[in-house]
Amino acid sequence: MVYAVVRAGGRQEKVEVGTIVVLDRQAASIGDKIQLPAVLLVDGDTVTTDADKLAKVSVTAEVLHEERGPKIVIQKFKNKTGYKKRQGHRQDLTRVKITGIK
């Protein structure tokens with residue numbers, strides 16, 4: 001069993017070939033191939049964490065589509081002053097499928 005932990009945005013994701021992962025918005029079109037930097041590689045009983053060896057590892061992914069996350073509501077309120085503020089946010093996301101770990 002081969003899997004890798006890749007750096008994606010500010011987070012790390014555990015991926016295998018065929019895994020579908022939701023990442024922060026990537027600068028790529030639908031159908032493009034992107035490279036993700038590996039932080040850790042597990043190949044059977046061998047665990048690789050050495051930066052020099054991981055520089056040779058390539059994790060490729062194909063962009064499936066772009067989407068938006070759930071809406072979150074930010075509300076601020078101060079008692080007895082009449083101050084209230086409401087704001088919303090939806091994160092831009094990209095859904096990718098891991099196609100290879102070499």
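Modeller: Let me begin with R25 and E66, which form a salt bridge whose closest N and O atoms are 3.5 Å apart. This pair links distant parts of the chain, since R25 sits in the loop between strand 3 and strand 4 (33-36) while E66 belongs to strand 7 (residues 59-68), 41 residues apart. Please keep in mind throughout that this is a predicted model.

Biologist: Which residues are linked with R25 in a network of salt bridges?

Modeller: The network of salt bridges takes in R25, E66, R68 and D92.

Biologist: And how many salt bridges does a search of the whole structure find?

Modeller: The search of the whole structure gives six salt bridges. Among them is the one between D24 and R11, where the closest N and O atoms are 3.7 Å apart. Because D24 lies in strand 3 (residues 20-24) and R11 in strand 2 (residues 11-15), that pair ties together parts that are 13 residues apart in sequence.

Biologist: What else does R11 form a salt bridge with?

Modeller: R11 also forms a salt bridge with E13, and there the closest N and O atoms are 3.9 Å apart. As for accessibility, R11 is partly exposed with a relative accessible area of 37%, E13 is partly exposed at 22%, and D24 is likewise partly exposed at 22% relative accessibility.

Biologist: Where does E13 sit relative to strand 1, then? What stands opposite E13 in strand 2?

Modeller: The residue standing opposite E13 of strand 2 is V6. Strand 1 (residues 2-8) and strand 2 run antiparallel, and five bridges join them. The hairpin that these two strands make has two residues between the strands, and in this hairpin G9 takes a positive phi near 70°.

Biologist: Which other residue has a positive phi, although it is not a glycine?

Modeller: That would be K80, which has a positive phi of about 70° without being a glycine. In general, most residues other than glycine have a negative phi. K80 is placed in the loop between strand 8 (72-78) and strand 9 (83-89), and at 80% relative accessibility K80 counts as exposed, because the cut-off for that class is over 50%.

Biologist: Changing topic to rings: how many aromatic pairs does the structure hold?

Modeller: The structure holds zero aromatic pairs.

Biologist: What does L40 touch, if we leave out residues up to four places away in sequence?

Modeller: With those set aside, L40 touches Y3, A4, V5, V47, T48, T49 and L54. L40 is found in strand 5 (residues 38-43) and counts as partly exposed, at 22% relative accessibility. For a sense of spacing, L40 and I20 are 20 residues apart in sequence and 18 Å apart in space, taken from C-alpha to C-alpha.

Biologist: Where is the place of T48, and is T48 buried or exposed?

Modeller: T48 has its place in strand 6 (residues 46-48), and at 16% relative accessibility T48 counts as buried, because buried means under 20%. Apart from neighbours within four places in sequence, T48 is in contact with V39, L40, L41, K53 and L54.

Key
Residues are numbered from 1 along each chain as its sequence is written. This is a predicted model: local features need pLDDT of at least 70, side-chain atom pairs count only at pLDDT 80 or more; totals for chains, interfaces and linings use all residues. Side-chain values use heavy atoms; hydrogens and water are left out. A salt bridge is a side-chain nitrogen of Lys or Arg within 4 Å of a carboxyl oxygen of Asp or Glu. Buried means under 20% relative accessible area, exposed over 50%, partly exposed in between (1.4 Å probe, protein chains only). Helices (H or I, at least four residues) and strands (E, at least two) are DSSP runs, numbered from the N terminus. Contact means heavy atoms within 4.5 Å. Rings of Phe, Tyr and Trp (its six-membered ring) pair if their centres lie within 6.5 Å; planes under 30 degrees apart count as stacked, over 60 as edge-to-face and the rest as tilted. Two strands pair if DSSP finds at least two bridges between them.
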